[in-house]
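Me: Could you take a close look at one part of this protein for me, and tell me how that part sits within the rest of the chain? I would like a connected account that I can follow with the model open beside me.

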Amino acid sequence: NLEKRYNTSFDYANESITNKKVIIDLIIVWKPSKSLPVDYKNVSDVIEMLLDAYPNSVSFAADKYQSQSIATIFEGRGITTNLQTFSRVNQMKLYTQFRTAIFNNLVGYIDHPLLIEELQRVQKKDETKIDHPLGFSKDVADAVVQLYGELVGLEYSSISDSVGLDRFRDTKILEMLTRLLRPPNEAKMKNIADAKGHLSAR
């Protein structure tokens with residue numbers, strides 16, 4: 001969710017701050033255990049339901065090593081996917097950007113207990129790595145800082161109020177049309193030809 005905030009941009013702590021305020025108003029967490037692993041069918045179903053509810057979605061970003069199969073759901077709807085390598089350098093950049101945005105009131109997020117805990121516990125180690133204390137996690141925080149980086153980079157012109165074919169890329173439209181206009185198989189055509197011949201003979 002994007003909210004226009006200021007008419008100017010400025011630089012703070014060597015990070016470029018834009019005139020957008022990002023509002024994160026929904027967080028869904030699948031938390032597996034040894035006895036109850038993540039149900040990936042449920043993950044796909046929930047994503048499909050959300051995309052049905054928000055058909056103007058424009059972008060999907062995630063760690064490329066864990067989200068390739070999920071990315072196909074978005075690509076199937078013509079939504080741009082951005083699969084990143086969540087390296088140490090990238091993590092440091094995204095967390096620094098997010099921290100700066102918090103200090104400048106350029107990001108808002110819901111009071112999700114696990115997110116708040118992770119943001120409070122996350123640590124910078126050796127000036128080159130973002131990590132969590134032993135026995136804790138930072139998965140939700142990772143997702144939020146990636147989401148912030150993705151949203152703040154969107155241009156307003158890329159956000160459309162339209163619903164329909166214009167949300168799909170050309171290749172996706174061609175694929176859809178191919179399925180819709182698939183020619184009848186040879187057996188069916190032969191039966192039609194035989195029937196026409198039979199009628200003509202009579």
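Reply:

The protein chain holds seven helices and nine strands, where helices (H or I, at least four residues) and strands (E, at least two) are DSSP runs numbered from the N terminus. This is a predicted model, in which local features need pLDDT of at least 70 and side-chain atom pairs count only at pLDDT 80 or more, while totals for chains, interfaces and linings use all residues. Residues are numbered from 1 along each chain as its sequence is written, and side-chain values use heavy atoms, with hydrogens and water left out.

Of the 202 residues of the protein chain, 30% count as buried; buried means under 20% relative accessible area, exposed means over 50%, and partly exposed lies in between, with a 1.4 Å probe and protein chains only. Among the contacts in the protein chain with a separation of 6 or more, 56% come from residues 24 or more positions apart, a contact being heavy atoms within 4.5 Å.

Strand 4 pairs with strand 7 (residues 107-109) in the parallel sense over three bridges, and two strands pair if DSSP finds at least two bridges between them. Within this pairing, Val-22 has Val-107 of strand 7 as its bridge partner.

Val-107 itself counts as buried, at 8% relative accessibility. Leaving aside its neighbours within four places in sequence, Val-107 is in contact with Lys-21, Val-22, Phe-98, Ala-101, Ile-102 and Tyr-148. Val-152 is 45 residues from Val-107 in sequence, and the two are 9.6 Å apart in space, C-alpha to C-alpha.

Most residues other than glycine have a negative phi. Asn-105 is partly exposed, with a relative accessible area of 38%.

Next come the helices. The axes of helix 3 (residues 88-103) and helix 5 (residues 139-152) come within 9 Å and cross at roughly 75°; axes are lines fitted to C-alpha atoms, for helices over the stretch in contact, and angles run from 0 to 180 degrees between N-to-C directions. Helix 3 and helix 5 are therefore roughly perpendicular to each other, since angles under 35 degrees count as roughly parallel, over 145 as roughly antiparallel, 65 to 115 as roughly perpendicular and the rest as oblique. Where they meet, helix 3 brings residues including Leu-94, Phe-98 and Ala-101, and helix 5 brings residues including Val-145, Tyr-148 and Val-152. By class, the contact of helix 3 with helix 5 has nine nonpolar, four polar and one charged residues; Ala, Val, Leu, Ile, Met, Phe, Trp, Tyr, Cys and Pro count as nonpolar, Asp, Glu, Lys and Arg as charged, and the others, Gly among them, as polar.

Helix 5 also meets helix 4 (residues 113-121), and the axes of these two come within 8 Å and cross at roughly 90°, which makes helix 4 roughly perpendicular to helix 5. Here Leu-114, Leu-115, Glu-118 and Leu-119 in helix 4 meet Asp-139, Val-140, Ala-141 and Val-144 in helix 5. The residues of this contact divide into six nonpolar, no polar and two charged.
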